[in-house]
Amino acid sequence: MEQKITLSAVMGSYNSGKFIRGSLESIKDWADEIIIMDMFSTDDTVDIAREYTDKVFQDETHGNQRLKDGVSKATSDWILIVATTDRITPPLKEEILAAIKNDAYIGYCIPRKTYLFGTYIEERPGPLSLIKRGAPIYVGVGHRWISVKGKVGCLSNLKIHWGFS
């Protein structure tokens, strides 16, 4: 019998009440664990997050370090880093579930289609967003800049990312 490979989703949040529900809806039925790292939101972000998971943590850590802290709390075999403004499409979900069965890589970049100021911008290969638990993770400056030491692959299906409108 094949052992099930598990997946945790890690999401950083701050005053994301407008977007977070859509992101959580896109992962709730297939992520084995959802971890929210919130920076003391003052809107309804935390209330919405708690409708989907009891693993909501609040601290004042910013950006990439907050995501790294969330990754360290994950208990699954693989970790998917998801923004509150991301939507994981059904084809991407299937590709992720197939990719985590492949031992050739310790991480995957996921391309995204960002809706920004009224138009879509496609970004390939996209940010490193899928990481094998235990992979050495490095955080840098910039928007969600995370890297790992090891072989990284690239998925082909896009996630939808809502930027500024």
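Q: How many of the five residues of strand β9 (residues 128-132) are buried?
A: This is a predicted model: local features need pLDDT of at least 70, side-chain atom pairs count only at pLDDT 80 or more, and totals for chains, interfaces and linings use all residues. Residues are numbered from 1 along each chain as its sequence is written, and side-chain values use heavy atoms, leaving out hydrogens and water. Helices (H or I, at least four residues) and strands (E, at least two) are DSSP runs numbered from the N terminus, while buried means under 20% relative accessible area, exposed over 50% and partly exposed in between (1.4 Å probe, protein chains only). Strand β9 is mostly covered, and the number of its residues that are buried is four.

Q: What is the bridge partner of Cys109 in β9?
A: Strand β6 (residues 107-109) runs antiparallel to β9, with three bridges between them. The partner of Cys109 in β9 is Leu128.

Q: Which strands are at the edges of the open sheet of four strands?
A: The strand order in this sheet is β5-β13-β7-β8, and the pairing is mixed. β5 and β13 are antiparallel over two bridges, with Asp86 opposite His161 in β13. The edge strands, each pairing on one side only, are β5 (86-87) and β8 (119-123).

Q: Are the rings of Tyr115 and Trp162 stacked or edge-to-face?
A: Rings of Phe, Tyr and Trp (its six-membered ring) pair if their centres lie within 6.5 Å; planes under 30 degrees apart count as stacked, over 60 as edge-to-face and the rest as tilted. By this rule there are five aromatic pairs. The centres of Tyr115 and Trp162 are 5.1 Å apart and the planes are at 65°, so the pair is edge-to-face.

Q: How many residues apart in sequence are the parts that the pair of Tyr115 and Trp162 ties together?
A: Tyr115 counts as partly exposed at 24% relative accessibility, and Trp162 is partly exposed at 28%. Tyr115 lies in strand β7 (residues 112-116) and Trp162 in strand β13 (residues 159-162), so the separation of the parts tied together, in residues, is 47.

Q: At what distance from the ring centre of Phe57 does Lys73 lie?
A: A charge sits over a ring if NZ of Lys or CZ of Arg is within 6 Å of the ring centre and within 35 degrees of the ring normal. Lys113 sits over the ring of Tyr120, 4.9 Å from its centre. For Lys73 over the face of Phe57, the distance is 4.5 Å.

Q: Why do the buried residues of helix α3 (residues 63-73) line one face?
A: The buried residues are Asn64, Arg66, Leu67, Gly70 and Val71. The arc is that of the directions from the helix axis to the C-beta atoms. These residues line one face because, seen down the axis of α3, they fall within an arc of 155°.

Q: Which backbone oxygen does the side chain of Thr53 reach?
A: Thr53 lies in the loop between α2 (45-50) and β3 (56-58), and Thr53 is buried at 9% relative accessible area. Leaving aside neighbours within four places in sequence, Thr53 is in contact (heavy atoms within 4.5 Å) with Ile34 and Ile36. At 2.7 Å, the side chain of Thr53 reaches the backbone oxygen of Ile34.

How values were computed: Polar contact = N/O pair within 3.5 Å; in protein donor to acceptor, adjacent residues only side chain to side chain. Pairing = 2+ DSSP bridges.
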